[in-house]
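Subject: The three-chain model, plus notes

Hi,

Here is the structure I promised to pass on.

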Amino acid sequence: MSIAGTRVPAASPPRSGDRPFQLLLAVMAAAVPVVIGAILVALIIAGWPAITQFGARFFVTSTWDPVARVFGVLPFMYGTVVSSSLALLIAVPLGLGVAIFLSELVPGWLRSPISFLVELLAAIPSVVIGLWGIFVLVPWVRTVLSPLLKSTLGFLPLFSGPPLGIGMLTAGLILAIMVVPFIVAVSTEVMRAVPRSQREAALALGATGWETTRTAVLPYARSGIVGAIFLALARALGETMAVTMVIGNVPQIKASLFAPAYTIPAVIANEFAEATSDIYVAALVYAGLVLFTVTVVVNALARLLVSRVARGPSLIRE
Amino acid sequence: MDRRYRFRRAKDRGMVVVTFLCTVAVLVPLFLVLGFLARTGVSALNWDFFTEIPGAAGEPGGGMANAIAGTILLITLAGAMGIPIGVLGGTYLSEYPSTRLSQVTRFTADVMNGIPSIVMGLFAYVLIVLPLRHFSALAGGVALGVMLIPTVVRTTEEIVRLVPQSVREASLALGIPTWKTTMRVVIPTAAAGIVTGIMVGLARIAGETAPLLFTAFGNRFWNWDILQPIAALPLQIFAYAISPFDDWHRQAWAGALVLVTIVLIVNIAARFAANRQVKLR
Amino acid sequence: MLKAFVRGAVAAVVLAALLGSAAPSGAQAITINGAGATFPFPLYSKWSQVYAGEKGVQINYQSIGSGGGIRQFMEKTVDFGATDGPMTDEQIGQAGGRVLHIPMVAGAVVPVYNVTGVAQGLNFTPDLLADIFLGKVTKWNDARLSRVNPNAALPSADIVVVHRSDGSGTTAIWVNYLSKVSAEWKTKVGEGTSVNWPTGLGGRGNEGVAGLVRQTPNTLGYVELAYALTNKMTFGNVRNKAGQFVRPTLSSTTKAMEGALASIPEDYRVFFTNPDGKDVYPVAGFTWILIYGDQSDPVKGKALAEFLWWATHDGQKYAPTLLYAPLPKPMVVRIERSLKSVTSKGAVVLP
């Protein structure tokens with residue numbers, strides 16, 4: 001017998017220490033929503049001068065001019081969205097492939113080490129990946145990948161312009177490397193949660209392994225996988241250090257993936273400590289507020305989709 | 001009939017190969033990064049690196065001792081803030097899981113885990129740096145502590161939830177008050193898992209750079225005053241990486257190697273502990 | 001497991017204590033925090049190392065760019081700021097307090113490039129530089145470039161412009177020069193520590209620009225001379241007002257500064273780009289340290305003033321090796337007067 005809704009059995013009479021203790025625990029738990037609220041309030045207050053001065057124009061202005069004090073977040077939104085989309089375009093198929101391999105194909109004793117290795121990739125600090133990016137990935141993109149793309153697909157505006165190594169393409173690649181572990185981890189969990197009966201039913205009907213996966217496992221796990229994609233998206237949107245080190249830091253909107261770009265987290269990282277006028281600071285905080293809002297929404301969606309299908313504790317918590 | 005079946009089987013085999021290749025493709029960057037780190041970082045590791053403070057720009061020598069110490073101080077501050085709130089909050093979530101507060105907290109904790117760390121830096125800047133009028137280790141600690149809270153809350157909740165109900169009931173049957181049961185019986189039983197979760201959280205924030213850029217700010221000297229700016233390993237790595245000095249590049253690699261080694265060790269230990277936990281269930 | 005954690009925590013604390021004990025026992029040492037220009041960073045980091053050894057006072061300088069130096073100085077989150085672009089009247093008004101710009105040394109801003117087959121000493125005319133940075137001249141083998149460099153093997157590659165992504169005094173000097181020599185630049189882009197660049201990649205700090213130019217082919221950027229030399233980069237000559245293509249060196253920078261001595265105002269806020277005179281390098285400027293004339297903390301105020309006294313006297317001898325032009329004697333005398341005017345709580349800090 002226990003009090004409904006708690007894990008605490010009602011068998012014992014309430015003692016004098018119980019209420020204060022429960023209150024203490026509740027206060028601590030309440031700290032979480034309170035802190036999120038505090039962050040929102042702090043951002044609004046610090047960004048207020050820019051919010052009132054620019055309002056909705058902020059989202060459609062592409063000038064970022066500290067001298068003329070005109071600030072628009074459009075180039076940064078473009079850079080953030082395009083680099084994250086590119087990252088997902090690469091990471092989702094790859095990540096799903098790995099998840100299928102791990103959940104359906106690999107023998108039990110091999111699954112743990114491989115998924116551990118994939119999680120390790122997520123544990124490497126962003127600045128270290130950025131360091132590797134500057135000295136290894138950028139030269140490789142400049143000397144190997146870009147010329148290859150240019151010679152085969154150079155007629156597309158996507159691949160026009162000189163390959164510098166730094167730019168949108170490299171940023172997308174490095175983000176893909178960083179978010180693929182999330183897709184793998186959540187998708188694997190979600191697929192393994194699919195009941196065996198589903199697979200057995202498909203096999204009993206004569207399906208091959210791949211057909212079983214395609215018709216029995218994936219549809220069942222679909223909302224979880226979409227949740228994983230949202231999770232990865234939120235991660236990519238907010239990634240700062242590795243992107244700053246390879247994207248070129250130029251606020252511009254260009255069609256070519258070879259062109260340098262700028263993202264919201266990168267501009268805050270580069271310019272916050274140095275913004276020389278109050279409106280400049282407020283504009284950066286306003287951009288931070290935009291980032292905060294978008295990542296909160298995307299994370300909330302991810303959470304709603306994943307919580308239904310995932311099972312059990314996992315050490316990789318976002 | 002037979003041809004169609006062979007085609008389907010070929011697709012099946014093909015997909016095995018494709019997914020295997022995906023796995024290889026995903027693991028390649030991991031080995032490239034670690035390999036590069038090991039090769040370039042090891043050559044710059046020497047006794048000086050661990051005991052000296054940075055030297056003058058462009059001159060060889062100097063080390064990252066103060067940055068390592070700074071990181072230790074920062075995660076201590078963050079832990080002081082994040083661990084009590086996280087553990088107690090997570091315990092609430094596990095012991096009273098269906099209350100309104102629990103549902104809200106669980107949801108917001110997951111959302112908070114995904115908020116970009118640079119936004120946490122902005123928050124700490126507005127909250128601590130501006131009123132105090134200077135950068136400080138305290139501000140950096142707060143930024144990191146705020147990131148630690150949701151991680152510890154969720155892992156604590158999951159681990160405490162695994163404590164069998166029979167343990168609680170046995171304790172209550174002996175006449176021990178509820179609050180004492182939770183504090184003295186339930187939490188200690190879950191202690192191993194809680195500590196593992198904390199260690200993983202600490203390792204994650206130890207590698208964060210963005211929230212420190214305008215809070216802890218960096219320091220070229222030793223500093224134990226939490227109201228003053230302080231050096232941190234990831235900050236130093238970043239500053240050296242974008243510098244034009246080759247010697248500093250090598251030190252950046254060495255610093256990265258040290259940081260990644262610590263993070264890896266903690267994660268491997270956590271994996272082992274988790275496996276043991278699972279086996280004991 | 002709890003025991004293991006406790007042991008681990010104790011080990012961490014012991015390790016930190018050991019590392020800390022390797023530190024000089026200057027626990028009572030005064031620390032002065034400063035931030036700003038990357039331009040003089042090699043010199044300031046040398047000064048802070050020498051000064052800590054000689055006087056035990058720790059000068060903690062973070063090189064975040066002049067824009068950051070001015071901003072943190074105005075917010076009073078640092079004890080002194082450093083900038084190569086002087087504060088505007090509006091900023092001084094907002095700072096709330098008497099602001100002193102103390103010149104430390106002068107340095108040259110040089111055009112650095114990375115083009116295979118092109119050696120040191122490529123010639124640039126003022127209008128060429130402006131038009132390249134405006135995005136109007138786009139190829140290395142443009143007729144105007146070949147005309148002033150008849151012996152250079154210029155490729156037909158695109159010029160990749162590199163500029164600063166952060167608020168920078170080095171930028172302030174560079175665009176001040178471009179505004180003086182190109183009316184189009186002046187109206188289209190203007191001056192300041194941060195401008196709306198028509199074209200190019202952004203690097204963080206002098207360090208970032210130098211890094212980008214070194215690593216990316218066909219780039220043209222601008223950095224402080226010391227960065228170009230320590231990194232063995234190729235840099236060019238710029239034509240001065242007298243029509244000579246001058247190589248940026250210690251002596252051509254010093255000549256530019258000396259030529260401008262007569263017109264340096266009371267508060268030292270001046271650019272001396274594009275001056276008259278022979279053998280002067282036209283893109284050079286002061287770098288200043290910003291302090292409040294009235295210090296709130298007498299102990300720190302005294303330590304700060306004493307450091308600046310040392311920097312403008314003994315510290316100057318470290319400048320030439322790092323290729324900054326030291327201050328001429330008449331300037332030092334003027335600076336002494338300014339430093340003596342620093343007060344704290346009503347009393348002068350330097351006896």
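This is a predicted model: local features need pLDDT of at least 70, side-chain atom pairs count only at pLDDT 80 or more; totals for chains, interfaces and linings use all residues.

Residues are numbered from 1 along each chain as its sequence is written, with chains lettered from A and ligands numbered from 1 in the order in which they are written.

**Where the chains meet**

Chain B puts 89 residues in contact with 81 residues of chain A (contact means that the C-beta atoms of two residues, placed from the backbone, lie within 7 Å). On the chain B side, the largest share is 19 residues from helix α1 (residues 2-44). Helices and strands here are DSSP runs numbered from the N terminus (H or I over at least four residues for helices, E over at least two for strands). That side of chain B splits into 57 nonpolar, 20 polar and 12 charged residues. For these classes, Ala, Val, Leu, Ile, Met, Phe, Trp, Tyr, Cys and Pro count as nonpolar, Asp, Glu, Lys and Arg as charged, and the others, Gly among them, as polar.

Chain A also touches chain C, with 19 residues of chain A in contact with 24 of chain C. The chain A side of that has 10 nonpolar, 6 polar and 3 charged residues.

**Helix packing**

Part of the A–B contact is a helix pair: α2 (residues 74-105) of chain A and α1(B) pack at about 115 degrees, with axes 8 Å apart. Axes are lines fitted to C-alpha atoms, for helices over the stretch in contact, and angles run from 0 to 180 degrees between N-to-C directions. The crossing is left-handed (the near helix is turned anticlockwise from the far one by less than a right angle; clockwise would be right-handed). Residues from α2(A) include Leu94(A), Val98(A) and Phe101(A), and those they meet in α1(B) include Val16(B), Phe20(B) and Val26(B). This contact has 11 nonpolar residues, 3 polar and no charged.

Within chain A, the axes of α7 (residues 209-238) and α10 (residues 278-307) come within 7 Å and cross at roughly 160 degrees. The two are therefore roughly antiparallel (the label for angles over 145 degrees; under 35 is roughly parallel, 65 to 115 roughly perpendicular and the rest oblique). Their crossing is left-handed. Among the residues making the contact are Phe230(A) and Leu237(A) of α7(A) and Leu291(A) and Val298(A) of α10(A). The contact divides into 14 nonpolar, 6 polar and no charged residues.

**Domains**

The bounds here come from an automatic or database domain assignment. Chain B is divided into domain 1 (2-44) and domain 2 (47-280), with C-alpha centres 33 Å apart. Here 7 residues of domain 1 are in contact with 8 of domain 2, and the domain 1 side consists of 4 nonpolar, 3 polar and no charged residues.

Chain C is given domain 1 (2-107 + 285-348) and domain 2 (108-284), and 28 Å separate their C-alpha centres. In this chain, 28 residues of domain 1 are in contact with 31 of domain 2. Strand β4(C) gives the most to the domain 1 side, with 4 residues. That side has 15 nonpolar residues, 12 polar and 1 charged.

Most residues other than glycine have a negative phi. Two in chain C do otherwise:

- Asn218(C) has a phi near 65 degrees and lies in the loop between α9 (205-215) and β8 (219-224). With 19 C-beta neighbours inside 10 Å, Asn218(C) counts as partly exposed.
- Leu323(C) also has a phi near 65 degrees, in the loop between α12 (298-312) and α13 (329-340). Leu323(C) is buried, with 22 other C-beta atoms within 10 Å.

For burial, 20 or more other C-beta atoms within 10 Å is buried, 12 or fewer is exposed, and in between is partly exposed, with C-beta atoms placed from the backbone.

Last, Val118(C) sits in the loop between β4 and β5 (123-124). Leaving out residues up to four places away in sequence, Val118(C) touches Tyr113(C), Ala152(C), Ala153(C) and Leu154(C).

Cheers
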